[in-house]
Amino acid sequence: MTKDVVVEHGESSKAPLVAAPAASGVGRAASVADVFLRFLAIVGTIASAISMGTTNETLPFFTQFIQFEAKYSDLPSFTFFVAANAVVCTYLVLSIPLSIVHIVRPRARYSRLVLVFFDAAMLTLLTAGASAAAAIVYLAHKGNVRANWFAICQQFDSFCERISGSLIGSFAAMVLLIMLIFLSAFALARRH
C-alpha cells in the first residue's frame, strides 16, 4: 500500500505508509553527526580567527623610543586568513538550522544538495586563507635567503607561536568540512 508523500517542495515519491526504521535511523544518525561536525568546525574557525586577529608583539630596539612591532594586520595574507575564517564561521552558524531540519526530515534531498554546494565553496575559501597564511608563517620561521627575507621568529617568538597555533584550528576545520561533504554525499547516495 503506497501513497504519494511530499518529501520536500517540488519533490514527491511513492513511499510506503510506514517507513523502514533502520533506514530512517541511519539518516538521522548522519544528520546528528552533521550538526556535531558543524559545531566543531565553528569552534575551530572562530578560535583561529580570534587567535590570529589578536596577535601582536612589540620589541624595544636600543631604547624605548625606537620599537619594532609585529601584528597580523601588517600582512594582507593574515588579514585574508582572519576574514576567511570569519566568513566560514558565519556560514557554519547559519547552516545549523538547515542541518537540524535534516534530523527531523532525513529524506530531504534538495536542501542537502544546497549544503554540499556551500560546504564545498566554504572549504575552498578556508583552504585559500589557510594556505596563504601558512606560506607567510613558513617565511617567518625559515626566511628566504635568496630574496633577503630573514626569519623573524627568533625575535618575535610570541607572535610566531600565536600565528602558528592559529593555523591548527583552521586546518582542523578544513578536515571537518571535508568530512561534512562526504557525509552529505553518503546521505544523498543512500537515497538512490
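In which kind of crossing, left-handed or right-handed, does α2 pass α4? In this predicted model, the crossing of α2 past α4 is left-handed. Helix α2 covers residues 76-104 and helix α4 residues 157-190; their axes come within 12 Å and cross at roughly 35°.

The α2 side of this contact consists of Phe78, Phe81, Asn85, Val88 and Leu92. They meet Phe159, Ile163, Ser166, Leu167, Ser170 and Leu177 in α4. By residue type, the contact of α2 with α4 has eight nonpolar and three polar residues, and no charged ones. An α-helix has 3.6 residues a turn, so residues three or four places apart point the same way.

Helix α2 also packs against helix α3, which spans residues 110-142. Here the axes are 9 Å apart and the angle is about 160°. Angles over 145 degrees count as roughly antiparallel, and α2 and α3 are therefore roughly antiparallel to each other. The crossing of α2 past α3 is left-handed. The residues in the contact of α2 with α3 comprise 19 nonpolar, seven polar and two charged.

Helix α3 itself has 33 residues. From its first C-alpha to its last, α3 reaches 47 Å, close to the 48 Å expected at 1.5 Å a residue. Its buried residues include Leu115, Met122, Leu123, Leu126, Ala130, Ala133, Val137 and Ala140. Arg112 and Asp119 of α3 are buried as well, as are Ser111 and Gly129. After α3 comes Gly143, with a positive phi near 75°.

Conventions. Residues numbered from 1 in each chain as written. Predicted model: local features only at pLDDT ≥ 70, side-chain atom pairs only at ≥ 80, totals over all residues. Heavy atoms only, no water. Axes fitted to C-alpha atoms, helices over the stretch in contact; angles between N-to-C directions. Helix = DSSP H or I, 4+ residues; strand = E, 2+ residues; numbered from the N terminus. Left-handed = near helix turned anticlockwise from the far one by under 90°. Contact = heavy atoms within 4.5 Å. Nonpolar A, V, L, I, M, F, W, Y, C, P; charged D, E, K, R; others polar. Parallel < 35°, antiparallel > 145°, perpendicular 65-115°, else oblique. Expected span 1.5 Å × (residues − 1). Buried < 20%, exposed > 50% of the residue type's maximum accessible area, 1.4 Å probe, protein only.
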